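Below is a short report on one model. It covers ring pairs, a ligand site and some backbone exceptions.

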Amino acid sequence: MSDPTPPDWTRGISISEISDGGMLARQVAGAAVLVARRGNELFAVSSTCTHYGGPLAEGLMVGDTVRCPWHHACFSLRTGEALRAPALNPVSCWRVEQRDGKAFVREKAALTPSKTSASQLKTIVIVGGGGAGNAAAEMLRREGFGGGITLFSADDSAPCDRPNLSKGYLAGTAAKDSIPLRSPDFYRDHRIDLRLKTRIAAIDPAGRRVRLEDGSFHSYDALLLATGAEPVRLDLPGSTLPHVYYLRTASDARALVAKAQSSKRAVVIGASFIGLEVAASLRARELAVEVVAPDAVPMEKTLGKEAGAFIRKLHEQHGVTFHLGTHAASIDARAVTLQDGKRLDADLVVVGIGVRPAIALAEQAGLAVDRGVMVNEYLETSVPGIFAAGDIARWPDAHTGERVRIEHWVVAERQGQTAARNMLGQRMRFDSAPFFWTDQYDFTLAYVGHAERWDKAELDGQLEGDKRDCTITYRRGGQRLAVASVYRDQASLRAEVEIEAALPVR
Ligand SMILES: Cc1cc2nc3c(=O)[nH]c(=O)nc-3n(C[C@H](O)[C@H](O)[C@H](O)COP(=O)(O)OP(=O)(O)OC[C@H]3O[C@@H](n4cnc5c(N)ncnc54)[C@H](O)[C@@H]3O)c2cc1C
Ligand code: FES
């Protein structure tokens, strides 16, 4: 319950009320301010995360940083800087005065002066206007890069909040203007030359230039490849009919929303995260929804049997019908026909059967490729000066020693940020623990780490019922690889810190 007369930091609060490592959120002249204590130091920053507004006081203080409980963004308590995505904007800071055992929050601190990069590069080209490409372009400017940045995107819309396309945007609960990550003014003000609807046809590593589809060339001193992934297309009779939809881009989402508004019955093919989020969002629009998938248990490969069975039940409680262990055989204007001949009426079909990394450019350019673009721990490809980030990158995972390619939003953004710094000459390893989340109805699951295979999944707490509150820990050979959590934000943050701290010493 919130305090009806919350104390005002300007009147002072006894320092003893804040434990070492503790955080308290209170008001300062109408603003919610978080005061955090580290030893004898006190920091004051805005208590609301700049990503989706998560309450930072419920997050975790790690050194002189704070991590958000919702999607694990990380902010500097000293400067307010958004150190790790998904937050891209800093939080405000205030000056704290300590007097007579009390802490007083005074005036807002001035913004941290801009950095200047010593990089000699003149032109950086980024191919891909998704999470990784956008975060890289922003980070180059934050790091003080003064040269030219050109961001090429085959999309017809500016970089967008892709995770929201299958959630709030499709359900109709998110504001339309929350979809673009930035306004057109942002790119202009930061001198980021965003070229939409511009597909790069080839890379010429020897000449350090890219060739556009119109045949023109654009030179670079360093290049980031962030071409993401493309939905796997269904190949069966009727699969190209106009009421069959895929969801990757903002324009896919706009088209799907328009169709959903005039549809009554949807069949979702694929019980992946995207398929299931689409099912939940279409239920929010009151369409009848049936899900068809070859799996026996949805999400079993990622979350295990128990969590998968729970997710199935959750959807069934919301009126979704599953057809599992089967495939669609054909689609016509009115129905999807399954292998056993059963017909499922549908005026809308959404296909979510996975994605493939968009590696054609990398292959053409002669970069080392193996089910993704091979990069080292600094996200540099086999060709010096060309980096790769996001859904296409396969990197040596510092936690397991295995090479991994992971399709998560936060990973893509953080890799974009790390690659940007490394293009400017910093030698920064990419070693943050992977993180993703999913929202389906009133259910939110966060997942930190990466477990492609595990021999033990330990459930602690309750997944079912009114009081959902649990963690599932995935282990292999005794090593903790990943932790899924439901309404246990602190446990998820602690697991992230511990997984990162358990890195082998190099
Ligand atoms: C609907 C949906 C919901 C999702 N929800 C979640 C979630 O809840 N949590 C989570 O962790 N992850 C989620 N993901 C996954 C996440 O969005 C991706 O991992 C992330 O977008 C990858 O970022 P990226 O920059 O590598 O690629 P993308 O975001 O796909 O961007 C790739 C860009 O490259 C451009 N491009 C490709 N080829 C060329 C070329 N030749 N020339 C020029 N431009 C090119 C494309 O136009 C695009 O702009 C979701 C994905 C989708 C589609
Ligand atoms: S709300 Fe803070 S990271 Fe998303």
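How many aromatic pairs does a search of the whole structure find? The search finds 8 aromatic pairs. Rings of Phe, Tyr and Trp (its six-membered ring) pair if their centres lie within 6.5 Å; planes under 30 degrees apart count as stacked, over 60 as edge-to-face and the rest as tilted. Phe-186 and Tyr-187 have ring centres 5.6 Å apart and planes at 85°, so they pair edge-to-face.

This is a predicted model: local features need pLDDT of at least 70, side-chain atom pairs count only at pLDDT 80 or more, and totals for chains, interfaces and linings use all residues. Residues are numbered from 1 along each chain as its sequence is written, chains are lettered from A and ligands numbered from 1 in the order in which they are written, and side-chain values use heavy atoms, with hydrogens and water left out.

**Rings and charges**

Phe-186 is buried, at 13% relative accessible area. Tyr-187 is buried too, at 4%. Buried means under 20% relative accessible area, exposed over 50%, and partly exposed in between (1.4 Å probe, protein chains only). Elsewhere, ring pairs join Phe-273, Phe-436, Tyr-447, Trp-454 and Tyr-474 into a cluster.

Phe-186 also has a charge over its ring: the charged end of Arg-182 is 4.2 Å from the ring centre. Arg-209 lies over the face of Phe-217, 3.7 Å from the ring centre. A charge sits over a ring if NZ of Lys or CZ of Arg is within 6 Å of the ring centre and within 35 degrees of the ring normal.

**The ligand site**

Around ligand 1 there are 34 residues, and Asp-155, Arg-162, Lys-167, Arg-248 and Asp-391 come nearest. A residue counts as near if one of its heavy atoms lies within 4 Å. The shell divides into 15 nonpolar, 11 polar and 8 charged residues. Here Ala, Val, Leu, Ile, Met, Phe, Trp, Tyr, Cys and Pro count as nonpolar, Asp, Glu, Lys and Arg as charged, and the others, Gly among them, as polar.

Helix H1 (131-142), helix H2 (162-165), helix H6 (273-284), helix H10 (409-423) and strand S32 (435-440) each supply at least two shell residues. Helices (H or I, at least four residues) and strands (E, at least two) are DSSP runs, numbered from the N terminus.

Polar contacts are pairs of N or O atoms within 3.5 Å; within protein, one must be able to donate a hydrogen and the other to accept it, and residues adjacent in sequence count only if both atoms are side-chain atoms.

| Residue | Residue atom | Ligand 1 atom | Distance |
|---|---|---|---|
| Ala-154 | polar backbone atom | nitrogen | 3.1 Å |
| Arg-162 | polar side-chain atom | oxygen | 2.8 Å |
| Ile-200 | backbone N or O atom | nitrogen | 2.9 Å |

The protein covers 94% of the 1,000 Å² of accessible area that ligand 1 has on its own. Areas come from the Shrake-Rupley method with a 1.4 Å probe; for residues, only the protein chains shown count as cover.

**Backbone exceptions**

Most residues other than glycine have a negative phi, and most peptide bonds are trans. His-72, not a glycine, has a positive phi of about 65°. His-72 is in the loop between strand S6 (65-67) and strand S7 (74-76) and is buried, at 0%. Tyr-441 has a positive phi of about 55°. Tyr-441 lies between S32 and strand S33 (443-449) and is partly exposed, at 23%. A cis peptide bond joins Ala-85 and Pro-86, with omega about 15°.
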